[in-house]
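Good morning. I have one structure to show today, and I will start with a single residue before turning to the chain it belongs to. Please look at the screen.

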Amino acid sequence: MCSVQLRNLALAFAVRPDCLQRCHRTPGGRAAMGAQGVLRAVLRTVNSLLQQRRYRAALAVLKGFRNGAVYGAKIRAPHALVMTFLFKSGSLREKLKAIAQATYTHSRNLAYFVFTYKGLMALQSRLQGKNFQLHSFLAACVGGWLVFGENNHINSQINMYLLSRILFGLSRLAVEKGYIPEPKQDPFPIFAAVTWGIVLWLFEYHRHTLQPSLQSSMTYLYDDSNVWHDISDFLIYNKSSAQK
């Protein structure tokens, strides 16, 4: 290998050229250099492939799968950690297993959905030459049915989260399109009052209709605050060791 190539390889891997020369003289060093050369060739091939426009749609689907998995893990792991240690009983191993399972399920489902949605969008665009607004709705409907259609606590939380957001979005869209008149005053205080009034009424008199995690949170806030025996479970702990 010529000195110029050795120098460039040294700069790429932050290795001093003289060390690289000595490494190149030994059998083990030559093997390592060969492996690095293969790795660099593979990386060049992959980067070249990523720049090909003909594969862009398929690669976007794959990256969507990756982003769905990463984002699902990032937002579920801290939530599951807090909720599990605050409200669930059991051994440390059981709690960690529950956290890992919830994180995996959220991450997997979001990855599957993004993969399905982007794949169907690309397919419809290829069949009809471009995308239309209906394509987005249809692709998401299929993905929602296949991925988030199973009635479990993870999917329930995600679907309810989206429902609250789309109600806001549709309300704003209706005002923008002129379907309903724009309010003269900010309607948010009325929205907040009605929301909290309904949820506390449901909690007090029809608790079973609420989602389990919401029941746990509201029990901690409104029921557990009615019970204490001394300063320990009044100020320091929510419940005494005897109650637990």
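Begin with L92. Its relative accessible area is 54%, and exposed means over 50%, so L92 counts as exposed. Please keep in mind that this is a predicted model.

Where does L92 sit? It belongs to helix α5.

Two elements each give two or more residues to the patch: α4, which covers 56-87, and α5, which covers 92-128. Of the elements involved, α4 gives the most, with 4 residues.

Now the whole chain. How many helices and how many strands does the chain have? The count is 10 helices and 0 strands. If you read along the sequence, the pattern is therefore simple to write down, since runs of helix are the elements being numbered: α-α-α-α-α-α-α-α-α-α.

Next, burial. The chain has 244 residues, and 20% of them count as buried. The accessible surface of the chain is about 18,300 Å², and carbon and sulfur atoms account for 63% of that surface.

Last, contacts. Take the contacts in the chain between residues at least 6 apart in sequence: 44% of them join residues at least 24 apart.

Key:
Residues numbered from 1 in each chain as written. Predicted model: local features only at pLDDT ≥ 70, side-chain atom pairs only at ≥ 80, totals over all residues. Heavy atoms only, no water. Buried < 20%, exposed > 50% of the residue type's maximum accessible area, 1.4 Å probe, protein only. Contact = heavy atoms within 4.5 Å. Areas by Shrake-Rupley, 256 points an atom, 1.4 Å probe, with all protein chains shown as cover.
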